[in-house]
Amino acid sequence: ISPSWGSLSGQELMSWATAKIQQARELFAQGLQVDSFHGPLYHAYGNMELRQGNISGARDILQRGILRNCSDLTRLYHAWGLLELKAGSPSQAASVFSRGIELGLCGQREVESGVDFLLH
């Protein structure tokens, strides 16, 4: 049940939101236990952490998906590259984008096609 927004103090609202984020983290972890090769799950989890300001956590999640060689790999490289841009590391972002492009263009994964979205 959602609280009545007008009835909560700022601290109560932050506490409620923090509990929801923790619950989301637990659900993402459970999902990855069920299917550790599910690229979109790593992508969504990493994006949630990035929106929470947890850059290192987001980076770790995206890199774990890449190391796992999961589905939708070029999109994980794209998300990681964008993360590096937002973190103020354009040279690191360029390197990550290049690796994602190489992956798609070299045909290392049959399911990866259309990597043109990595060309910024």
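A crossing of two helices is left-handed if the near helix is turned anticlockwise from the far one by less than a right angle. The exercises below apply this and related terms to a predicted model.

**Exercise 1. Confidence**

State which helix has the lowest mean pLDDT and which the highest.

*Solution.* The protein as a whole has a mean pLDDT of 85, with 80% of its residues at 70 or more. Among its elements, helix H5 (residues 90–105) has the lowest mean, 89, whereas H3 has the highest, 97. Where pLDDT is low, the predicted coordinates should not be read in detail.

**Exercise 2. H3 and H4**

Determine how helix H3 (residues 55–67) is oriented relative to helix H4 (residues 73–86), and describe their contact.

*Solution.* Step 1: the two axes come within 9 Å and cross at roughly 160°. Step 2: angles over 145 degrees count as roughly antiparallel, and H3 and H4 are therefore roughly antiparallel to each other. Step 3: the hand of the H3 and H4 crossing is left-handed. Step 4: H3 contributes Ile55, Ala58, Arg59, Leu62, Gln63, Gly65 and Ile66, which meet Leu73, Leu76, Tyr77, Ala79, Trp80, Leu83 and Glu84 of H4. By class, the residues of this contact are 10 nonpolar, 2 polar and 2 charged.

**Exercise 3. H2 and H3**

Carry out the corresponding analysis for helix H2 (residues 39–51) and H3.

*Solution.* Step 1: the axes lie 7 Å apart, at an angle of about 170°. Step 2: this angle makes H2 roughly antiparallel to H3. Step 3: from H2, the residues Tyr42, His43, Tyr45, Gly46, Glu49 and Leu50 meet Ile55, Gly57, Ala58, Ile61, Leu62, Arg64 and Gly65 from H3. Step 4: the contact of H2 with H3 comprises 7 nonpolar, 4 polar and 2 charged residues.

**Exercise 4. H1 and H2**

Describe the packing of H1 and H2, and classify the ring pair formed by Phe28 and Tyr45.

*Solution.* Step 1: H1 and H2 pack with axes 10 Å apart at about 160°, so that H1 is roughly antiparallel to H2. Step 2: H1 passes H2 in a left-handed crossing. Step 3: Ile21, Ala24, Arg25, Phe28, Gly31 and Leu32 in H1 meet Leu41, Tyr42, Ala44, Tyr45, Met48 and Glu49 in H2; these residues divide into 9 nonpolar, 1 polar and 2 charged. Step 4: the structure holds 2 aromatic pairs. In the pair of Phe28 and Tyr45, the ring centres are 4.8 Å apart and the planes stand at 10°, so the pair is stacked. Step 5: because Phe28 lies in helix H1 (residues 10–34) and Tyr45 in helix H2, the pair ties together parts 17 residues apart in sequence.

Note on methods: Residues are numbered from 1 along each chain as its sequence is written. This is a predicted model: local features need pLDDT of at least 70, side-chain atom pairs count only at pLDDT 80 or more; totals for chains, interfaces and linings use all residues. Side-chain values use heavy atoms; hydrogens and water are left out. Axes are lines fitted to C-alpha atoms, for helices over the stretch in contact, and angles run from 0 to 180 degrees between N-to-C directions. Helices (H or I, at least four residues) and strands (E, at least two) are DSSP runs, numbered from the N terminus. Angles under 35 degrees count as roughly parallel, over 145 as roughly antiparallel, 65 to 115 as roughly perpendicular and the rest as oblique. Contact means heavy atoms within 4.5 Å. Ala, Val, Leu, Ile, Met, Phe, Trp, Tyr, Cys and Pro count as nonpolar, Asp, Glu, Lys and Arg as charged, and the others, Gly among them, as polar. pLDDT is the predictor's confidence in each residue, from 0 to 100. Rings of Phe, Tyr and Trp (its six-membered ring) pair if their centres lie within 6.5 Å; planes under 30 degrees apart count as stacked, over 60 as edge-to-face and the rest as tilted.
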